[in-house]
2 protein chains.
Amino acid sequence: MIQIAIAGYGNLAKGVECAVRQNADLELAAVFTRRDPKSLTIRTPGVPVLPLQEAAGWKDKVDVMIICGGSATDLPKLTPALARDFNVIDSFDTHAHIPEHFRAVDEAASATGHIAFISVGWDPGLFSLNRLYASAVLPEGKDYTFWGKGVSQGHSDAVRRIAGVLDARQYTIPVPEALERVRKGENPSLSIREKHTRLCYVVAEDGADRAAIETAIKTMPNYFDEYDTTVVFITMEEMKRDHAGLPHGGSVIRSGVTGWDRTSTQTIEYKLTLDSNPEFTSSVLCACARAAMRMHGRGVTGCHTLFDAAPADLSPLPREELLAHML
Amino acid sequence: MIQIAIAGYGNLAKGVECAVRQNADLELAAVFTRRDPKSLTIRTPGVPVLPLQEAAGWKDKVDVMIICGGSATDLPKLTPALARDFNVIDSFDTHAHIPEHFRAVDEAASATGHIAFISVGWDPGLFSLNRLYASAVLPEGKDYTFWGKGVSQGHSDAVRRIAGVLDARQYTIPVPEALERVRKGENPSLSIREKHTRLCYVVAEDGADRAAIETAIKTMPNYFDEYDTTVVFITMEEMKRDHAGLPHGGSVIRSGVTGWDRTSTQTIEYKLTLDSNPEFTSSVLCACARAAMRMHGRGVTGCHTLFDAAPADLSPLPREELLAHML
């Protein structure tokens, strides 16, 4: 049994707890938190909840530490720090800072003989894998990534920070016509506005200036100003009833040409439709924990991504069964 | 430059020839054939066409031999034989016999320090990879593979063998309602008949008994008797004008549940829409040739499948670029 520990206990960690339970070769050893451990109630019976600063004392009892923190401030510090004592996995998702994060984690893990996987999940993660496979197979072509329909937590948070907003949920929605053109292999040039629209459900304070809130949302730099955004005011009851989940998904599509005269169009699409974004991401983290243990058992150390793991290492099935039933 | 040789020169080999030209790090060294080499005209200038029995003399000039033969009789003999002198790749696609073929090729390649990849293409191949990744991520779920709309060469050949048939083209078509139910995450139980229909275009000899041909097709064991099949008689001109290509494709879909109470449905779909089946398969073979060379350079020998290749090894891009732009 692979002993899994979790650092942090938010939505993602709760998903890891569920995913560990679905994998017969994984077992939850401990949950570490920066909050008061007594304030947390976890679901798995008999598993200790401990202060994060006591983690190092568990280094001989844990095979892989799955780090469930935010990419903005938590993971850049936590992952390299924990990689000194543990094999680690995180879901670092700030694409622009991946090379920098990779170097910091690689240094810590290599120095202490541990293995680390960063940026594991679906984007980055399974979407990245499909970008890589598709571009390797179709060298002459064009990539597209569409997200949604789904809740963007970053955009929802940004709306919540506007004065007069009590709660907000932002859905990212692909533009159907753009998706159709890409699926047909047209390889169109698409602006940001032409690829996605944004839909915000907002609960406003009594007496708040709704027109001002709507303008503040639609003109917010980076988050909304380059998109066509729709703002819908709803009640707190409606928010709780209709928008409690965190669905997401999207498609990675590559169209390329083959043949001596490049006359054949070939299109590859990888599509996710997810009821729960954090539960799916954590399911990928758990499969990766298995691969990390196998690779570490063969002497592999340092920082890696899903690009470096042979697919067979992610599966609980032995090679003979993969060949007989899955190939 | 990785020196590629091709054994055989049918549709698949012609696709390999085109794909080599699209990859800057691959170069075509030679084509080997069992036919009279003078009878073949290949497209790449300056590349020799030689008798297959002379291949061994080229073992120091070729990095990877891509074997383009049929799975029924060619590959079970050719791949182990050529693996004694070369690193080899084939697209062996008789699913039931993969374990046996694997053992034969592994023995030959291991004994002589070569690397071999078998069953490379899209099914088996990219579809298999997606079955593996999806089942590793969603342990509680169900897999579906739909093929088409596309030309099945085996079924077309079977129809051509019926007395009175001059030419035939068989399209495999997924049943739209079945596909929709699977995409919605319903995980239905579907019979063979409920998943696919078959459509045959047939050119009959003048005066042939069309009703007898139609009955012979629809009742043919294994090929057609378990399917709803439509037979359409056309002229040779229509066949040449409308059915010259070899389009294919399909979808691998897995729906699973996550969460403590298994209440979230998560659906993964991998979909191919291919103008040319052989050109796409050969594009996968060429990406795999690159991975084979890299792995062999690190001392890996014996038989492998795409399950064993780290995705990064398939890409021409260096790790830094993959991290910065593709993750």
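How many salt bridges does the structure hold over all chains? The count is 34. Keep in mind that this is a predicted model, so every number here is computed from it.

## Salt bridges, inside and across

One of those salt bridges sits inside chain A: Asp157(A) pairs up with Arg160(A), with 2.5 Å between the closest N and O atoms. Both residues belong to helix H5 of chain A, which covers residues 153–160. They are three residues apart, or about one turn of the helix.

Between chain B and chain A, the count is two salt bridges. In one that crosses over, the side chain of Arg319(A) meets that of Asp308(B), at 3.2 Å from N to O.

## How much the chains touch

On to the contact itself: 71 residues of chain B touch 71 residues of chain A. Together the chains bury about 6400 Å² between them, and carbon and sulfur atoms give 61% of that area.

Several elements of chain B give two or more residues to the side that touches chain A, among them helix H1 (11–22), helix H3 (98–112), helix H10 (277–297) and strand E12 (248–258). E13(B) gives the most, with 11 residues. Sorted by type, the residues on this side of chain B come out as 35 nonpolar, 22 polar and 14 charged.

## A strand pair across the chains

E13 shows up on both sides. Strand E13 of chain A (residues 264–274) pairs with E13(B) in the antiparallel sense, over nine bridges. To find one of the partners, look for Thr273(A), whose bridge partner in E13(B) is Thr267(B).

## Symmetry

How do the two copies compare? Turn chain B by 180°, with a shift of 0.0 Å along the axis, and it can be laid on chain A with an RMSD of 0.0 Å. The two copies are thus related as by a two-fold rotation axis.

Why can we say that the copies meet through the same surface? Because 100% of the interface residues of chain B are also interface residues in chain A.

Methods. Residues numbered from 1 in each chain as written. Chains lettered and ligands numbered in written order. Predicted model: local features only at pLDDT ≥ 70, side-chain atom pairs only at ≥ 80, totals over all residues. Heavy atoms only, no water. Contact = heavy atoms within 4.5 Å. Buried area = accessible area lost by both parts, 1.4 Å probe. Salt bridge = Lys/Arg side-chain N within 4 Å of Asp/Glu carboxyl O. Helix = DSSP H or I, 4+ residues; strand = E, 2+ residues; numbered from the N terminus. Nonpolar A, V, L, I, M, F, W, Y, C, P; charged D, E, K, R; others polar. Pairing = 2+ DSSP bridges. Least-squares fit on C-alpha atoms with pLDDT ≥ 70 in both.
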